[in-house]
Amino acid sequence: MSIVIVNGQEIEVGDDEQLNGIEIAERAGLEVPHYCWHPGMSVVASCRMCLVETGRKNPETGEIQMMPKLSPACQTPATDGSVFVTNSEKVKQARAMVEEDLLIRHPIDCPICDKAGECRLQDYHFEHGQGERRADLKPFTSRRRPLGETVTLFVDRCVMCTRCVRFCREISGTSELMVANRGAHEEIDVFPGFPLNNKMSGNVVDLCPVGALGDKDFLYSQRVWFMQTHDHVCDGCSTGCSIHVDENQDHVYRIRPRENPEVNEWWMCDDGRYGWKHVHSPERLTEPMRQIAAEPGKLQPARLEWSQAPDAIDGALRKAGRLAAVLSPHLTVEEAYLLAKYVRSIDPQAVLAVGPVVQVGEPEKYPNGFTIQAEKCPNRRGVETIVNRLGGELLGWDDFVARLEKETFGGVWVSGGYPSAWIDEATAAKFANVKTLIVQDMFRSPLWEKAHFQLPGAASVEREGSYVNHHQRLQSFGWAIRPPAGVMVEGRLYWRLLQRPGMYNGAQLMGEIAREIVDFAAAAPGVPPNGVDLRVNQLA
């Protein structure tokens with residue numbers, strides 16, 4: 001155990017910890033402003049915003065000897081006896097001078113800049129800058145040029161922190177970005193003929209502390225102070241990145257990575273970042289329907305009111321005979337549990353199966369270990385566990401379809417939720433003999449057209465519940481936006497079918513699941529923001 005002194009406070013540092021001046025100050029409850037330092041990348045100490053006074057305490061005499069000059073806190077290790085002073089007049093004046101220098105070279109175009117409201121240059125100027133702007137030394141040209149398909153560069157706004165350059169070298173390993181020219185003429189640029197075109201390129205926009213790098217998809221679409229941020233989990237693949245969903249009035253405008261050292265650290269891929277557009281697709285299904293007998297031997301679709309749907313569905317299933325339910329790997333653990341409980345409450349021998357698990361190509365692994373999984377379902381492991389524990393056997397989609405040709409099912413409930421086509425005509429035709437077919441999905445499909453009950457389903461950002469990723473880490477989340485009018489979220493419908501009292505509550509339900517199914521026991525005390533490893537009890 002080491003002792004570090006920060007502004008007179010003694011802070012303990014563990015033997016296996018390696019902290020710098022910024023991190024030890026944060027542990028002391030203090031913020032040291034910085035631009036170029038990022039905990040996930042190498043240290044360059046170029047912005048000089050984190051200058052602090054440093055020194056050492058003599059362990060024998062107790063005398064503290066300070067260095068004559070200021071040091072960058074990001075580059076100064078916090079070892080036993082280190083002394084940091086972050087709030088002296090000398091430090092404050094140095095920060096003010098750095099901030100003033102950056103503003104001389106930076107256009108004050110905040111009214112149109114996408115970064116306004118979350119810009120560190122703005123924030124630090126008010127917290128640490130000079131009282132007034134004293135000079136403008138050069139005119140700004142507002143030069144802008146694209147760096148790739150998703151990112152654009154506003155040249156004048158750059159403060160040359162080089163976070164984006166280091167990201168491409170150290171994290172994505174693609175090295176598209178570089179510093180061109182020297183001195184006052186240096187700029188961020190791409191090598192000729194090699195644009196910023198890797199699947200993690202959107203992260204450089206998050207890393208940019210000012211408004212130099214803009215996301216083309218989000219550019220000028222919404223001011224950040226109009227949006228609300230919700231913690232969620234990406235459903236793009238089985239990595240299950242922790243994310244922020246930024247929305248305004250139930251419209252998603254952007255998705256950003258949420259720091260989680262257990263899953264995705266500070267990053268996410270562009271597939272997940274831009275893969276939410278189906279949420280607001282005009283093709284979304286928003287009207288529950290049922291097939292009714294218009295004349296002998298002929299059915300026709302008719303609108304089904306949600307207020308009548310639970311009774312109508314329940315009545316049809318209780319008359320159907322043998323039941324089966326296909327649980328989509330896009331359902332949350334809680335939704336899969338409720339649907340399994342419901343069909344088993346009617347038919348204790350009901351067959352439970354896991355829906356199609358979409359695989360695209362091979363996993364893409366980056367130098368820092370970040371991996372885009374080939375499995376494009378967020379919760380296969382969670383749903384498989386439910387099927388295995390409540391169904392008695394782990395039945396996959398192909399096996400279930402094969403059983404349809406050999407066995408007769410009176411009622412089958414199929415949950416979808418896939419953002420793209422997932423079933424073809426030939427496979428859907430195998431459900432032709434099912435007496436009562438219930439399909440819950442976001443978009444039309446061959447199976448939807450054959451369903452006796454057609455129920456619009458919700459997107460991931462409209463759900464509340466938990467996913468289990470490929471490393472058996474369970475993460476819980478609340479809904480970020482409300483679904484379109486006419487859509488009832490799956491969990492809420494299952495809750496009503498089971499006639500449970502009150503409203504659907506994902507956290508309360510996870511507690512129940514953790515008590516009943518040992519695989520989820522680690523979630524019993526509650527699920528922290530970074531999730532919980534379900535293998536803990538298995539390893540103990």
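This is a predicted model: local features need pLDDT of at least 70, side-chain atom pairs count only at pLDDT 80 or more; totals for chains, interfaces and linings use all residues.
User: How many helices and strands does the protein chain have, and what percentage of its residues is buried?
Analyst: Helices (H or I, at least four residues) and strands (E, at least two) are DSSP runs numbered from the N terminus, and on that basis the chain comes to 15 helices and 26 strands. The C-alpha trace spans about 95 × 55 × 40 Å along its principal axes. Buried means under 20% relative accessible area, exposed over 50% and partly exposed in between, with a 1.4 Å probe and protein chains only; of the 540 residues, the share that counts as buried is 56%.

User: What share of the contacts with a separation of 6 or more joins residues 24 or more positions apart?
Analyst: A contact here means heavy atoms within 4.5 Å. Among contacts in the protein chain with a separation of 6 or more, residues 24 or more positions apart account for 65%.

User: Is strand 1 largely enclosed or exposed, and which strands does it pair with?
Analyst: Strand 1 (residues 2–6) is largely enclosed by the rest of the structure, because four of its five residues are buried. Two strands pair if DSSP finds at least two bridges between them; strand 1 has two parallel bridges to strand 6 (residues 82–85), where Val6 stands opposite Phe84. Five antiparallel bridges join strand 1 to strand 2 (residues 9–13), with Ile5 and Glu10 as bridge partners.

User: Which residue in the turn between strand 1 and strand 2 has a positive phi?
Analyst: Strand 1 and strand 2 form a hairpin with two residues between them. The turn residue with a positive phi, of about 50°, is Asn7.

User: What is the strand order of the seven-strand sheet?
Analyst: This open sheet has mixed pairing, and its edge strands, each pairing on one side only, are strand 16 (298–303) and strand 18 (351–354). Neighbouring strands are turned by 20° against each other on average, direction ignored, where axes are lines fitted to C-alpha atoms, for helices over the stretch in contact, and angles run from 0 to 180 degrees between N-to-C directions. Within the sheet, four bridges join strand 22 (residues 436–441) to strand 23 (residues 453–456) in parallel, and Gln440 stands opposite Leu455. The order is 16-15-23-22-21-17-18.

User: Which helix lies across strand 21, strand 22 and strand 23?
Analyst: Helix 8 (residues 333–346) lies across strand 17 (323–327), strand 18 and strand 21 (411–415), at about 175° to strand 17. The helix across strand 21, strand 22 and strand 23, running at about 150° to strand 21, is helix 13 (residues 490–497).

User: Which residue stands opposite Arg145?
Analyst: An open sheet of three strands has the order 7-8-11 with antiparallel pairing, and its edge strands are strand 7 (144–146) and strand 11 (213–215). Three bridges join strand 7 to strand 8 (residues 151–154). The residue in strand 8 that stands opposite Arg145 is Leu153.

User: Which strand gives the most residues to the lining of the largest pocket?
Analyst: The largest pocket has a volume of about 1100 Å³, and of its 46 lining residues the closest to its centre are Arg120, Arg163, Asp206, Leu207 and Arg256. A pocket is an open set of points on a 1 Å grid over the protein atoms alone where a 1.4 Å probe fits, with protein on both sides within 12 Å along at least five of seven lines, and lining residues have an atom within 4 Å of a point; grid points are joined across faces, edges and corners, and the volume is the space filled by probe spheres set on them. Elements giving two or more residues include helix 3 (120–128) and helix 5 (203–207). The most, with five residues, comes from strand 14.

User: Is Glu23 buried or partly exposed?
Analyst: Glu23 is in helix 1 (residues 21–27) and touches Gln18 and Trp37, not counting residues up to four places away in sequence. At 24% relative accessibility, Glu23 is partly exposed.

Key: Residues are numbered from 1 along each chain as its sequence is written. Side-chain values use heavy atoms; hydrogens and water are left out.
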